[in-house]
Amino acid sequence: MLTYLDDCRPLYTCSRCHAHLAYQEHILSRAYHGQTGRALLVTHVENVLVGVGERKMLMTGMHTVADISCSNCHTQLGWKYLHAYEPSQKFKENKFILERRRIIKETNHPPVPS
């Protein structure tokens, strides 16, 4: 079952099926790169499946990461940082990378009362 976020606030959705993923306010940084280019580092996501963790050498050092995919259409969206081996990278633990090419920003505003 999908979780629906309050769509009166700016949010990001899956580019394929529009499942709600994260509020804009959960973005920690827009200065990340994923497998497909630009990416967001976010604190919390909804409607994702977390894969099996694996150790990978990334640009900032060794990390244990797990791929995340949309729980509705199974599109790979990015990854979750499970463990950072470098002390300076510990802030990433339990945070998520969302690939910009695989998400859409949606801004729905409530109707203005007459």
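## Exercises: strands and cores

Setting aside neighbours within four places in sequence, V45 touches L21, A22, F96 and L98 (contact means heavy atoms within 4.5 Å). A quick note on the ground rules: this is a predicted model, where local features need pLDDT of at least 70, side-chain atom pairs count only at pLDDT 80 or more, and totals for chains, interfaces and linings use all residues. Residues are numbered from 1 along each chain as its sequence is written, and side-chain values use heavy atoms, with hydrogens and water left out.

**Exercise 1.** Work out which residues have the most contacts inside the largest nonpolar core.

*Solution.* Start with the term: a nonpolar core is a set of buried Ala, Val, Leu, Ile, Met, Phe, Trp, Tyr and Cys residues joined through side-chain atoms within 4.5 Å, buried being under 20% relative accessible area with a 1.4 Å probe, protein chains only. The largest one holds 17 residues, and C14, V42, V45, L77, L98 and I103 have the most contacts inside it. Next, look at the suppliers: β1, β2, β4 (37-42), β7 (61-70) and β9 (96-99) each give at least two residues. Finally, there's a separate second core of seven residues, Y32, A39, L41 and V65 among them.

Key:
Buried means under 20% relative accessible area, exposed over 50%, partly exposed in between (1.4 Å probe, protein chains only). Helices (H or I, at least four residues) and strands (E, at least two) are DSSP runs, numbered from the N terminus.
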